[in-house]
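I opened my notebook to look at how two protein chains meet in one model.

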2 protein chains.
Amino acid sequence: MATVKDVAKLAGVGSGTVSRYISGTGSVSRKSAEKIARAIEQLNYRPNSMARSLSSRRSDLIGVWVPSLEGPYYHMMIRTIESALRLHGKHMILANAEDAQSNEDRLAHLDYLINRDCDGILISSSLQSEFELATYAEKFPNLVVINHHTDELAGRSFSIDHDLGGRLAARHLLELGHTRVATITGRLSAQDARQRHHAFLDEMAKLGHPVPPKRIIEGAFSYAGGEQAVAALLATDADYSAVFCGNDKVAMVLIAELHKRGISVPGDVSVIGYDDVEFTPFTAPALSTIHAPIEEMSQSACHQLLNLTYGLDLPYQEHFEPSLSVRQSTGPYSS
Amino acid sequence: MATVKDVAKLAGVGSGTVSRYISGTGSVSRKSAEKIARAIEQLNYRPNSMARSLSSRRSDLIGVWVPSLEGPYYHMMIRTIESALRLHGKHMILANAEDAQSNEDRLAHLDYLINRDCDGILISSSLQSEFELATYAEKFPNLVVINHHTDELAGRSFSIDHDLGGRLAARHLLELGHTRVATITGRLSAQDARQRHHAFLDEMAKLGHPVPPKRIIEGAFSYAGGEQAVAALLATDADYSAVFCGNDKVAMVLIAELHKRGISVPGDVSVIGYDDVEFTPFTAPALSTIHAPIEEMSQSACHQLLNLTYGLDLPYQEHFEPSLSVRQSTGPYSS
DNA sequence: TTCAAAAATGGAACCGATCCCACTTTTGGA
DNA sequence: TCCAAAAGTGGGATCGGTTCCATTTTTGAA
C-alpha cells in the first residue's frame, strides 16, 4: 500500500503538502494540487486511518450505548444515528448492554466504548442512574444523552416531554368516554416510563377519574415483560374499557392476546400505545398511540454531539413534544 | 494519559516487556508481571487503541454492510453480530446502504467501511450482484457473506435453504386444503426472495395446483412496498383462500389490511409469512411463518469471519434449514 | 556440578499519518 | 518598481504502541 511519502515523492512535493492537500486544511497551490491528485490516482493511494488517528488524536469514531436492541424503538434510533454520522464521515460503534446482568456489567459496556478511544459518546439512557451519568459526563465532555433530561447535563441531554405524552393519552381516552381505564407501565425505575405513567394517572385523577391500583400493572418494555404484564392484567377481575400501554410493544402484545380471547379492539376494549414505532400502522387494528419524535430527537443528539466533538455548527433542539396519533385501536365507549 | 514508557519506567522493566505482558503473547516472569500490574494500576494506564492498531496493523474493527435497517430482520442480525463480536473484543462498524440510490452508491458504502481499515467485512447480501461480490471477495480475503450462497465463496458464504422454505409453505397450505393460493414476493432480483418464490410455485405445481400469474404479485420487502403489493392484490378479482407472503413484514401489512376490510384471518383467508422475526407471535392473529434461523446463521458467519481474520477456531456452519412454524394465521380451508 | 536449551529481557526501529516551524515564493497596494 | 503581508513549502519530530533481535538469566537433565 502506498503512503504519503510515496505520493509526495511521485508528485515531487513534500509530505506536508500532501497532508494539507488531503485534509483540505492549509494552503496548497493549484499546481501542487494537480500533481498530487495525479499521484494519488496513479498509486491508488488511500490514507491509513489508524496512522491518521494516532497523529491527529481523533478517531472519527462515535460510541453508541443502548440498554437493549429488542424491538423497533432502539432500532429506529440506531438507524437515524448511523445515517447522521455517516453523512459527516464518522463511524458508529455500538455497545448493547442487553445481556448485562448487573449495573457494574452495564458500565463495563460503556468502558468497552471508551477504551476504544471514541471521540464522542451517545448514551441512550433511561436506565443508568443520574449519578452515574453525571460522573461519566464529567470525565467525558463529549458525551450526550438521549431520552433523559437532567439540568446538570444542560445542552447535552435530549428529551421528549413524556409528562405531556401521558396526559394526552389520558385525555384521549376520557374524550372517548372511557372512565374506567387500566394501564400497563414500563419499569418505573426508568425516567421516561415513570414520567408518562405518573402524568397519565395524574391527569386521569385531575379530570375526575382516578385509576385504582388494581387496574395498574407494572410491567416492562420488552416483549416477554409485556406478555407477563398482559397475562397479569387479564387475570384480574378489574373492570375497564380501555388500556394505556407504556409502549407500543406492550400494546401490540395486548392486542394479540385480546384477539386470541375473542375480545374486540376497540369494540370491547380500546388500546393506546406510546412511541409510535415503525409497526404501529400495521397492527390489527392499527394502533392509536402517542407519537414520540424519536428520530428527530436522535438526530438532534447526534448533531449536538458532532458540534461538541468536532466544532461543527449543526442545528439541534433539546426538547421535543409528543403528539396524539389516532388510528383504529381506540374508539368511543359503548356500555 | 500514561503510556507504555511510563509504565515501564515505574515498573523498572523495558517497554517490550510491558507490551508482552499486556498482549499476553511472549513470556514475562512472574516478578515482572507483578511489578507491571502494580504500575498499570497506579497510573491507571489504558493502552491507546490507535497506536496499537497502527503498529500491529490490525484495527479490531469489523465492518458490517446491510442493504437496509427497516424492520426487525436486519436488526436481529445486527444484534447477534454485535454480541458475538463484543465477546471477542472486536468492534462493529455499520454501513446501511438503505439510502443508496444507485448500485454505485451502494458500493460507496462498502468503501466507507474498507477505508476505515476494518480487519474483516461482513456483507448481508441478497442485493449485490454475484459478480460484484466475487470482485470484492477477491480483493478482500476477510470478507464473508450472510444469506447468499455462491460456490466461489465456499467457506465464506452462509445461507438458508430457501428452496426448502418455499416448499414447506406450499405444503402447509395444501395440507390445510388451500388449492387456490396467492403470493406476494420480494424483489426477484434478490437471491433469497427468488429462491423461496420459485420453490413455492414449483411445489404448488408439482402437487397439482399451479398458481396462475394473476395471483402472483411481485412486491418488495419493505413496509411501503408491502402496502403497495397488498393493495394490488386486493384490487384484483383473483379468487384465493390463502396467501404466502415473501416475508413477515409484508404478511403483517396484509393481515392489518384484511382486518380493516373485515376479512377474517384465517377464517376467510389464511396468511403465512417468512423469516419468523421478533414480532410474529404478536400479530393478531399470531403469524404462521417459515422459521429462518437468522440468528444462528449470523453467528456462524461471525465466527467464521473471526476465524479467517484472527486465526481463531470457532465452530460454524454454512448451511441452515428453515422449518415450519404454525401459529394462528393459517387454518383449514372452508368453502 | 555442568551446560545446552528455553525463558525472559531491554530498547531501537518502525507503523503512516499530522503538525509545526523556519523558509521561500507570490501577491497587490502605494 | 518596491516591499510588507499572505500564501505556499519541505521535512523532521511526534503520536504510542508492537516487534524484532541480540543478549542475559533461568531451568533441568545428564
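The entries below follow that order.

**Entry: extent.** I kept in mind that this is a predicted model, and I began by looking up how many residues take part, finding 50 residues from chain B and 50 residues from chain A in the contact. I then looked up the area, since the size of an interface is often given as the accessible area lost when the parts come together. Chain B and chain A bury about 4700 Å² between them, and 60% of this lies on carbon and sulfur atoms. On the side of chain B, the residues that lose the most area to chain A are B:Met50, B:Arg116 and B:Phe282, which together account for 17% of what that side buries.

Entry: I looked next for charged pairs and found four salt bridges between chain B and chain A. One of them joins B:Glu98 to A:Arg79, with the closest N and O atoms 2.3 Å apart.

**Entry: symmetry.** Which rotation superposes chain B on chain A? I found a rotation of 180° with 0.1 Å of shift along its axis, giving an RMSD of 0.1 Å, and that is the relation of a two-fold axis. The same surface serves both copies, as 100% of the contact residues of chain B recur in chain A.

Note on methods. Residues are numbered from 1 along each chain as its sequence is written. Chains are lettered from A and ligands numbered from 1 in the order in which they are written. This is a predicted model: local features need pLDDT of at least 70, side-chain atom pairs count only at pLDDT 80 or more; totals for chains, interfaces and linings use all residues. Side-chain values use heavy atoms; hydrogens and water are left out. Contact means heavy atoms within 4.5 Å. Buried area is the accessible area (1.4 Å probe) that two parts lose on being put together, summed over both. A salt bridge is a side-chain nitrogen of Lys or Arg within 4 Å of a carboxyl oxygen of Asp or Glu. Copies are superposed by least squares on the C-alpha atoms of residues with pLDDT of at least 70 in both.
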